[in-house]
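Biologist: Could you walk me through this model as if I were new to structures? I'd like to ask things one at a time.

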Amino acid sequence: MSEIIIETKNVSKLYGVRRDEAAELLRGGAEKSEVLKKTGVTTALYDVSLRIPRGKIFVIIGLSGSGKSTMVRCFNRLNRPTWGSIIFDGVDLLKLSNQELLEFRRRKVSMVFQSFGLMSHRNVLGNVAYGLEVSGMGREEREKRARESIALVGLEGWEDAMIGNLSGGMRQRVGLARALANDPEVLLMDEPFSALDPLVRNDMQFELLSIQRKLGKTVIFITHDIDEAFRLGDTVAIMRDGRLIQVDTPEGMSTNPADEYVRRFINSADKSKVLSVRNIMITPVSLIKPGDGIDHALRVMRKNELSSVYAVDGQMKLKGILTLADAMRAKRESLDLSEMIVKDIPSTSPDASVEEIIPLAAESSYPLAVLDNEGRLQGIVTKASVLSSLI
Amino acid sequence: MNWLFDFPFIIRINTNAIDRAVRSFAADHAAFFDGIKAGLTNFVGAINWLLNHIPWFVLVVLVFFLGWKGHKRLRSGIAYSILLCIIGMLGLWGLMNLTLSIVLAGVTIALLLGLPVGVLLSGSDRANQAARPVLDMMQTMPVFVYLIPAVIFFGMGSASAVIATVIYAMVPVVRLTSLGIRQVDAEVVEAARSFGSTKSQMLFKVQVPQALPTIMAGINQTLMMAMSMVVTCSMIGARGLGNEVLIAVNRIEISRGFMAGSSVVILAILLDRLTQGWFSGRKNAGDEQQ
């Protein structure tokens, strides 16, 4: 068995009448939008050559309209490429007869869909067994294998449930079980977790990884989320406007992006850009007022094991910070508390991005105060919380 | 100024020639049309014979059970069986059977033709567009117009009534079958295709079951349209409750008209509710499996 399970050569998919003219333009490096304007031809894919390794997770990433969904549908011939060839284990997919194509779909590939594509008139077992049913397997055998598949995705006991009563995450487990039931060589997954909420998505990614490691299936995974791509992919291919831009391992792609587009795509994965201060600030444990006595301030700090405490007025407007050392000195020398408060302290707004405040947090010796427009204290950001948000 | 207000271009259509041509066509192919007529008449006769050999109380009990189980309410069963008894008490049981046999024959044929046509139309946008004006015409053409050729080809009687009923009542089941299949979630269809379904597996295992609620609504509508043809069909010699209404109109007998008219209404309500109940009952049974 060769290491490469699927090889595509110069695969193109164009929609429209004047395809030859469009191909001419594309050969000259024309953009998708330019081709559409000049010839009325939509370029879904142009000249994609890929080698997909056996038993690995191969992720194709791109924005909407990049051709990634069109590409994955070429692997089971839901789409037929306009030009090019797709060799699956030595078999040219474009030369299959109708009957051979049915057999190919029944035995070699199966697909998981973004909005699940489950049949509401069947229960979980009926959905999972569907692929085996159309391939002509007897009831007993197919239900046995469907149950195994259901157990594999952790849905035992739900065999008789109707699809309408399952949560999104469970529905996609059914979708995964259905795809695994006919024991395919390649699993095609078209943005399978995009419709799920973030926590469930994490669970499902983990689940997919462990199932893939256990069964050693080849997985072709489509996503628009670079985090997901890097977490799951052994190899990642990035597409743009129907063209393949770069194929590499996640590490290789991070260190050696092919162009500016790839670099921007990878940077969008950098969490500090999307997190804002609001997401990581914490509520201060205790506050003092300038009018409070020294003893009260010291008691507050001792009780909460703090080395400094923020001072606010009646409207929560920030007055400054009082350190433990200053408070001790004030007590020793009988100074007034309000004179000891440090007024010049670093502050930020809740809408600032975490990336912006990293230098500030690194230099400051106190936690950063988060202030709203009127100078009222909203919360504080410690160095520790900045760091932990980046991991 | 007449040219301004009178439409100036009038084609003189030789209506006599058309009528003659249709009549001679009917006469030339009399054997063919007589064959169909005999078939339809026998079909209606067979259903009528069957209905007449069901003891009245069996039908009442059947309606009671269908109403009870279908709607999950004892109350519905009792109400429907009482309604049925009212027709009997008005002395119209036999006429009801006659009417019912024409309606059931018409609906059966309408479904046998309409369901496959609906399935075919769902498969092609072009066919669907081409069929649209035809379906519109079948539905909006004044029903009396169907009666004329039906009488020429099939004579007076139940055969003509069934034909007119089929043409008029077939439309909703065709439309809603096509619509229902089109509305099946594209991703579900794609998924079924990706698992290697043949066209017929796709149709019978995925599209039709997924479209079933819409198709059932079409069947229900077809039944109701067939009921609405009952009185009209009596003008071409269909016997039954409709004929009773027609006689009452001709003789201006108010009470007779109301008795027969109410029976038609009761029959329509029963057919509507019982078919709806049967379907929603099935759906509920599905829900309970969870």
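Modeller: Gladly! Reading from the N terminus, the elements of chain B run α-α-α-α-α-α-α-α-α-α-α-α-α-α. This is a predicted model, where local features need pLDDT of at least 70 and side-chain atom pairs count only at pLDDT 80 or more, while totals for chains, interfaces and linings use all residues. Residues are numbered from 1 along each chain as its sequence is written, chains are lettered from A and ligands numbered from 1 in the order in which they are written, and side-chain values use heavy atoms, with hydrogens and water left out.

Biologist: How many helices and strands does chain B have?

Modeller: Helices (H or I, at least four residues) and strands (E, at least two) are DSSP runs, numbered from the N terminus. The C-alpha trace of chain B spans about 75 × 55 × 50 Å along its principal axes. The count for chain B is 14 helices and zero strands.

Biologist: Which strands stand at the edges of the open sheet in chain A?

Modeller: The open sheet has six strands in the order β6-β7-β8-β3-β9-β10 (chain A), with mixed pairing; two strands pair if DSSP finds at least two bridges between them. An edge strand has a single partner, so one side of it is left without a neighbour in the sheet. The edge strands of chain A are β6 (109-112) and β10 (243-248).

Biologist: In β10(A), which residue is the bridge partner of A:Val236?

Modeller: Strand β9 (residues 235-240) of chain A pairs with β10(A) in the antiparallel sense, over five bridges. The partner of A:Val236 in β10(A) is A:Asp248.

Biologist: Which three residues supply 23% of the area that chain A buries against chain B?

Modeller: The contact (heavy atoms within 4.5 Å) takes 29 residues from chain A and 19 residues from chain B. Buried area is the accessible area (1.4 Å probe) that two parts lose on being put together, summed over both; between chain A and chain B this is about 2,100 Å², with carbon and sulfur atoms giving 53%. The three residues that supply more of chain A's part than any other three are A:Leu78, A:His121 and A:Tyr130.

Biologist: Which side chain of chain B meets A:Glu133 in a salt bridge?

Modeller: A salt bridge is a side-chain nitrogen of Lys or Arg within 4 Å of a carboxyl oxygen of Asp or Glu. Across the interface of chain A and chain B, the rule finds two salt bridges. At 2.5 Å, N to O, the partner of A:Glu133 is B:Lys205.
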